[in-house]
Structures are given as structure tokens and as C-alpha cells.
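Work through the exercises below with the sequence and the model side by side, and try each task before you read its solution.

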Amino acid sequence: MYDVVALGELLVDFMEEGESSRGNLLYEANPGGAPCNLLSMLSGLGRRTAFVGKVGDDCLGQMLREALAERGIDTRWVFFDGKVHTTLAFVGHKEDGDREF
């Protein structure tokens, strides 16, 4: 039924995207997590993929599930839990260009 099924983290990466007019850092919410990044790439290559995992029953968890579905990843085993929050990571950039979490 599937070429690849992944189990693991699904989170929101808040990527640093500049500064506001007042000098405050601006962040953009992006779907993240290595297992889903891999599935997204494979799905884009025509492979049948599915993800197994849990997110918070919140707007960010809903955003993540929708993002997976839009990439063609089967989300029937993405579960929502009202007792947890969707995991967040804030990603900055070091002077050498590497990322910092």
C-alpha cells in the first residue's frame, strides 16, 4: 500500500525571516521534522507515503496535518491530543550561515 511510512516528530519550525520596522525579529511558521521532510521529498517523487504521529489539538497541529495532506502524505495516523501542545522550534542563523535551534 505504501512505499515508505515514517514515525516520529512533526513540528512547526519558526524560521527567522528578518526584522520588523521596530527592530523585532520576525518568524515564519513552517512544517518541520526530519521524518516528514523525507516523506515530502519522496511524495514529490511519486512515492506513496504515510506518517504516524501525534500533534496537539490546536491550530498549529491542524496546519501540520493539512500541510502533509497537501503534499500527498497519508495522514490517517496523525492523531490530535488535547493534553499536549504541538511542538515548536525557533530557528535562527549563525554568522557562518549554519542554523541554530
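## Exercise 1: Salt bridges

A search of the whole structure finds three salt bridges, where a salt bridge is a side-chain nitrogen of Lys or Arg within 4 Å of a carboxyl oxygen of Asp or Glu. This is a predicted model, in which local features need pLDDT of at least 70 and side-chain atom pairs count only at pLDDT 80 or more, while totals for chains, interfaces and linings use all residues. Residues are numbered from 1 along each chain as its sequence is written, and side-chain values use heavy atoms, with hydrogens and water left out.

**Task.** Find the partners in each salt bridge, and decide for each residue whether it is buried or exposed or in between.

**Solution.** 

Step 1. Begin with D3 and R48, whose side chains form a salt bridge with an N to O distance of 3.1 Å. This pair links distant parts of the chain, since D3 is in the segment before β1 (4-7) and R48 is in the loop between α1 (34-44) and β4 (49-56), 45 residues apart. Helices (H or I, at least four residues) and strands (E, at least two) are DSSP runs, numbered from the N terminus.

Step 2. Compare the accessibilities with the cut-offs: buried means under 20% relative accessible area, exposed over 50%, and partly exposed in between, with a 1.4 Å probe and protein chains only. D3, at 39%, counts as partly exposed, and R48, at 48%, counts as partly exposed.

Step 3. Turn to D81 and K54, which form a salt bridge with their closest N and O atoms 3.2 Å apart. Leaving aside residues up to four places away in sequence, D81 touches K54, V55, G56 and D57, where contact means heavy atoms within 4.5 Å.

Step 4. Finish with D74 and R76, whose side chains meet in a salt bridge at 2.8 Å, N to O. D74 is buried at 17%, whereas R76 is partly exposed at 48%.

## Exercise 2: The two sides of a helix

**Task.** Which residues of α2 are buried, and what covers them?

**Solution.** 

Step 1. The buried residues in α2 are G61, L64, A67 and L68. They cover an arc of only 125° around the axis, which puts them on the same side of α2; the arc is that of the directions from the helix axis to the C-beta atoms. An α-helix has 3.6 residues a turn, so residues three or four places apart point the same way.

Step 2. On the other side of α2, C59 and E70 are exposed. The cover over the buried residues of α2 includes β2 (11-19), β3 (25-32), α1, β4 and β5.

## Exercise 3: The open sheet

**Task.** In which order do the four strands of the open sheet stand, and which strands are at the edges?

**Solution.** 

Step 1. The order is β3-β2-β6-β7, with mixed pairing; two strands pair if DSSP finds at least two bridges between them.

Step 2. β3 and β7 (99-100) stand at the edges with a single partner strand each, so one side of each is left without a neighbour in the sheet.
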